[in-house]
Structures are given as structure tokens and as C-alpha cells.
Amino acid sequence: MPSRERSRRERHAYGGNGPLSVDFCGLTLAHPVINGSGTFDAIAARRVFGAALDERFPFAAFVSKTITLQPRAGNPPPRLWEAPAGLVNSIGLPNKGLQRYLAEDLPELARLPAPLIVNVMGSSAAELEALASACSARAEISAIELNVSCPNVKTGLDIGADPRELGRVVASVRPAAGTKPLIVKLTPNCADVSACAAAAQAGGADAVSLINTLRAYAPAPPARAGHPSPGPWLGGGSGGLSGPAVRAVALAQVAAVAARVSIPVIGMGGIQTAADARRFLELGATLVAVGTASFSDPLIGARIAAELAGRGHRVSGNATPF
Amino acid sequence: MSAPLQRRLLTLTANERLGAYRVLRAVDPGPPPRAGQFAMLAAAERWGGGEDERPLLARAFSYARWQEGEAHFLLEDVGPGTHRLCELGAGNGLWLLGPLGRGFELPPERRRALLVGGGVGIAPLAIWQDALDEATVLLGFRDAAHAHGAGLCRDALLATDDGSHGHHGRVTDLLEAELDADAHAVVYSCGPPPMLEAVRAICAVRDVPAQLALEAGMACGFGACFGCVVPTRSGYARLCVDGPVLDAAELERVECHPASAPAASGTRTAGTVR
């Protein structure tokens, strides 16, 4: 690694003694703003924005999109629908599979000036164990996040929606993660998210993150006004809702979870401004994540962090907060 | 050249009517785009909070022209995003992220450039015509009001669905006549998906290379959301980073979603995210 890159990396990952420096599961982060899984592709962004991406990386840690054991093409298009104050997506977790991710993407992501959190999903405890085990062996990876918003292949139930099943899965994956912090990404599509969070903690999770997207449906526009919708718009049938539309739900769920568990909470859901981020931090979140807001402004994470630190200007309506 | 990692606040210099379309012009420090590239646009004020609490996301538009530090965009008011942008006037603020995506590639020597556009999809062909020494331009519109859009290009041959201007029929009829006369060409095309599919098929049969500027619902424009994929021979491609211009040979066919309303090509966000 060139010395300039190394020093930059160390400053961000280990030199976190700035005003917003946060300890998260033993990782020292420069500030509390990260990205939600699947909402930022650092490798594509480096192609588009060049060296600026590394020089002004907007997040204190980078969370990868979901990786599965086998490659996935993702859902057929259309994949997006703009909802009232929100976005319904049905992307379908496209990824190149664990082996190619480790071989091709990991060296690229290791060059980022922020610790890497790899998000993994499997449809059984055994699959998740294999994924966690492979990640635990890689020094480039600082933490592992489990996406449990996936049906169990045997029961058909979302692993993350059933506290007992979730506790069992986390307990079986925990040893496979070795010394890496294990984050459980909770689904909001359940009866009692705080019970799920408590089960994750009891199973050995080091942190929880929430909320994932809310299950949502987007009807295709009728051929003519007044006619019935011909069916779902999204190629995947149903999708997940994100953006400001879900923020109030996310605040309620983060508050309930933070009151129930003693492990760190990563709060997200419709965060667009530093004021939004503060609400989540006040309710007990240790970190916050932005997702949909990055789509409109790739630097939004850095803008929010700067504003939390009392630097820069208001997020909206300003071209040059730096 | 890389795009700046920062959306920039531009000031609109003009919003001019061009038949059924609007041409938005804004002072843009650049970097200048290559023809076929696009930008994500949003109004600086009152973006959101419109009908149905939309728009939320920025909207993608091909650069229609870039001259002396001024970016031009061609818009048609087809949804809450384009509606808000069409309302803007000189002096209003416009957020821009760009230039983004892969543009058109120059024709190999001695092949002539045939530019084929439909509707608002003529936008990237105008800036491409500016960059080329010589090009034949064929444009199709549905009616007289839309045919005014042809004013964006120079010396275009027209086709209209209603016969009000030029050939009474499809622009692909004009394309076939041109290729019958001289098939030593490269075709550059942007327009509604059924038109692009017809262009692709015509060129494939005659073994004429074609570069197609496609559109898809797009949330970010820089590869983050994975929302704007189209099927290609090598799997799904993200139009924002692998396109929006694709070599026609990469496509089995241009997908036309049956549920999508009349196309608003050129704004890559036609369909759902208007």
C-alpha cells in the first residue's frame, strides 16, 4: 500500500480523536455516520468520481451490499418505484457470490480510508456460518453484518422475524465470526422488533442495526385513468420502502430496541439531515446510517457528519458546506 | 474524466418553450460532458412536497447541448419531477450531479453517422451532432407540437405519427430508406423503447453497428442503487455506469415494459420515476 494511502487510512480508522470519534465494538470511527447496506457501491463510485471518492469518503465505516454464497443476478426490472416521500425497491440482492467478492472486490474495498463491514445473507444457519467463517479469516474485514430478512428455506419464515429462530441462528453463527464484531440487521417486518433484538443479543450479537426496508407494494399504473392496475409494477413483485416516509417508524423501532438491549444500536431509516441523525442518536443509537439520501447527494454522509461536529452549514440549500 | 463527487448548485439562465418541450439552460462550470452522458437534476427549492409528496429523487437527463459554460437539457412535463423542473425560471437554482455515464463513441473512419431519435430522446443526438463533422439526422415525433423539438438539431429529416411534418409514419421508415441507399454507416439512437428495438432489429439484419442510448428508472446515477439495470447478453447492466449508451450487439433486444406509459426517452427516468 502506498504510504499516502496508508497514512490516510490510519488517520480515519485509528486516529479517531476528533470531536465525533466513536468507539463501536472496539473499532474507533472518525464520526457516527455510515451507510446502510446496499445503498452505496464504493467500487462503482470510484470509477465515476475518481480519487475524490477516497479523499473525501463520506462514511466513517463502509458497509458492503449483501453477499451470498452463490452469485445472484438480482430481480428483473423494473426495480424502482418512487412512493410518496419514499422509494420502493426490488433489487434482489445482486452480487457476484462470496468467492468472487473476496477475490475481486475485497482488495478494492480494502483501499478505502474506512473500516469495512461486510453484510452477508444465507437461507440457513449453515450458509450464514460458512459466510461468517470466510469473512472472519480476512484481515481486510473489520466486522460482519447478518442480513436476516430472508426466508428460512425449511420453514419459509423470515429468520429475523421470529425471535427464537433468530436467537438460534445468531448463536450458531457467532463462533464462526471468530473475533470479528457481529452485527445483526433487524427486519422491521415483524411483530416485536425489540424481542428480536433481545434474542440477537442473547445469541451473541455485538450490535444490532435497524431498520431494514418496510415490505411494500407498488401497483403498475393503469393503461388509462380509471382503469384497474394491471398488477405489480416491480419485476420482483413486492419491494421494500425506504426514505423519509419510513423515518417515524424507524425512530419508534430504534427507541424500542435501544431501551431493550445493552449492545450498540445502528439507527437508520429516512435520515436526510443532521437534525434527523440527532433524533436517532438521542434515542440511544451509537451510529446512524444513511441510504436513500445518498442517492440524491453522494456526499450526504459527510455533510451530516460535518454538521454534527458543528462545522459546515445546513444540509439543504447549500452548495458548499465544506 | 471523473465527475465531481459533489452535486453543484447551478443558476438557471433560461427556460424556453420548444413546442411540447422545454429547454432548460444553466450556467455550468463543468466539466463538460461527452455526448450521450447525463446528469441528475433536482430543483433547489420545493423538491418534494408536490402532488403525492413527490418528487423525492433527482431525475436523470441527457445533456442536450453544452456551449460556452452553459448546459442545456430538453424536458417534457410527464410526471412530478419533470413538472417541477419545467416550472423553473431564469434565476432559479438547479442541483446537478454529473456528467455521468458512458457516452457515444466516434464512428470508425469512412462510416457515416446516422442519428435516429424519437420524442424527447432526441436530446443526446443534438449534442452528438454538435461534436460530429457530419451527420444525417432522422427524428420522429407524434404530432406537430412535439415536432417543434426538431429545432434542437440541424437539417433533420422528420417523421410524424400524424403526418403533420415530414414523412407520415415512423422514423424507422426513414432509417431503412437511408440504409438502403448507403449502409456503410454507424447508427446512433435514442428514443422510446419500441423505437429503439426497431432500430436495433433493422441494424442487426443489415449488420450495421449501432449505439443505443437507453433509459430506465434510476435513483442515483452513480452505480449505488442497482435500480436501472437492463438485460444484456452478459447479464444485467447498470445503465448509469455501464451505459446509458450500449452497443446494440450487447443486447438480445430492447425491453419494452408493457406497463410503462408512453415513453419519455432522453429523460432516463421515464416510467416510474418521472
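Predicted model: local features only at pLDDT ≥ 70, side-chain atom pairs only at ≥ 80, totals over all residues.
Biologist: Let us begin with the contact between the chains. How many residues of chain A are in contact with how many residues of chain B?

Modeller: The contact involves 40 residues of chain A and 39 residues of chain B. On the chain A side, the elements that give two or more residues are helix H2 (42-49), helix H3 (52-55), strand S5 (80-83), strand S6 (86-89) and helix H10 (292-296). H2(A) provides the largest share, with five residues.

Biologist: Which classes of residue make up the side of chain A that touches chain B?

Modeller: That side has 25 nonpolar, nine polar and six charged residues.

Biologist: I turn to the sheets of chain B. In what order do the strands of the antiparallel open sheet stand?

Modeller: The order is S4-S3-S7-S1-S2-S6-S5, seven strands in total, and the pairing is antiparallel. Strand S4 (59-62) and strand S5 (65-67) of chain B each have a single partner strand and stand at the edges, so one side of each lacks a neighbour in the sheet. On average, neighbouring strands of this sheet are turned by 35° against each other, direction ignored.

Biologist: How many bridges pair S5(B) with strand S6 of chain B?

Modeller: Three bridges pair S5(B) with strand S6 (residues 70-75) of chain B in the antiparallel sense. In this pairing, B:Trp66 has B:Ala71 of S6(B) as its bridge partner.

Biologist: Which strands does helix H2 of chain B lie across?

Modeller: Helix H2 (residues 123-131) of chain B lies across S4, S5 and S6 of chain B, and its direction is at about 40° to S5(B).

Biologist: What is the strand order of the open sheet of chain B with mixed pairing?

Modeller: Its seven strands follow the order S11-S10-S9-S8-S12-S13-S16. At the edges are strand S11 (167-168) and strand S16 (245-247) of chain B, each of which pairs on one side only. Strand S13 (residues 210-213) of chain B and S16(B) run antiparallel and are joined by three bridges; B:Gln211 stands opposite B:Asp247 there.

Biologist: Which strands does H4(B) lie across, and at what angle does H4(B) run to S9(B)?

Modeller: H4(B) lies across strand S8 (112-118), strand S9 (136-141), strand S10 (157-160), S11 and strand S12 (185-190) of chain B, and runs at about 155° to S9(B).

Biologist: At what angle does helix H4 of chain B pack with helix H5 of chain B?

Modeller: Helix H4 (residues 171-181) and helix H5 (residues 193-206) of chain B pack at about 15°, and their axes are 10 Å apart. Because angles under 35 degrees count as roughly parallel, H4(B) is roughly parallel to H5(B). The crossing is right-handed. H4(B) contributes B:Val171, B:Thr172, B:Leu175, B:Glu176 and B:Leu179 to the contact, while H5(B) contributes B:Met195, B:Ala198, B:Val199, B:Ile202 and B:Arg206. By class, the residues of this contact are seven nonpolar, one polar and two charged.

Biologist: Now the backbone. Which residues does a cis peptide bond join in chain B?

Modeller: B:Gly30 and B:Pro31 are joined by a cis peptide bond with omega of about 10°. B:Pro31 is in the loop between strand S2 (21-27) and strand S3 (38-43) of chain B. In chain A, the peptide bond from A:Leu210 to A:Ile211 is cis, with omega near 10°. A:Ile211 belongs to the loop between S10 and strand S11 (214-216) of chain A.

Biologist: What is phi of A:Leu93, and is A:Leu93 buried or exposed?

Modeller: A:Leu93 is a residue other than glycine with a positive phi, near 55°. A:Leu93 lies in the loop between S6 and helix H4 (98-110) of chain A. Because 20 other C-beta atoms are within 10 Å, A:Leu93 is buried.

Biologist: What is phi of B:Arg46, and is B:Arg46 buried or exposed?

Modeller: B:Arg46 is not a glycine, yet has a positive phi of about 50°. B:Arg46 is in the loop between S3 and S4 of chain B. With 12 other C-beta atoms within 10 Å, B:Arg46 is exposed.

Technical notes: Residues numbered from 1 in each chain as written. Chains lettered and ligands numbered in written order. Axes fitted to C-alpha atoms, helices over the stretch in contact; angles between N-to-C directions. Helix = DSSP H or I, 4+ residues; strand = E, 2+ residues; numbered from the N terminus. Parallel < 35°, antiparallel > 145°, perpendicular 65-115°, else oblique. Left-handed = near helix turned anticlockwise from the far one by under 90°. Contact = placed C-beta atoms within 7 Å. Nonpolar A, V, L, I, M, F, W, Y, C, P; charged D, E, K, R; others polar. Pairing = 2+ DSSP bridges.
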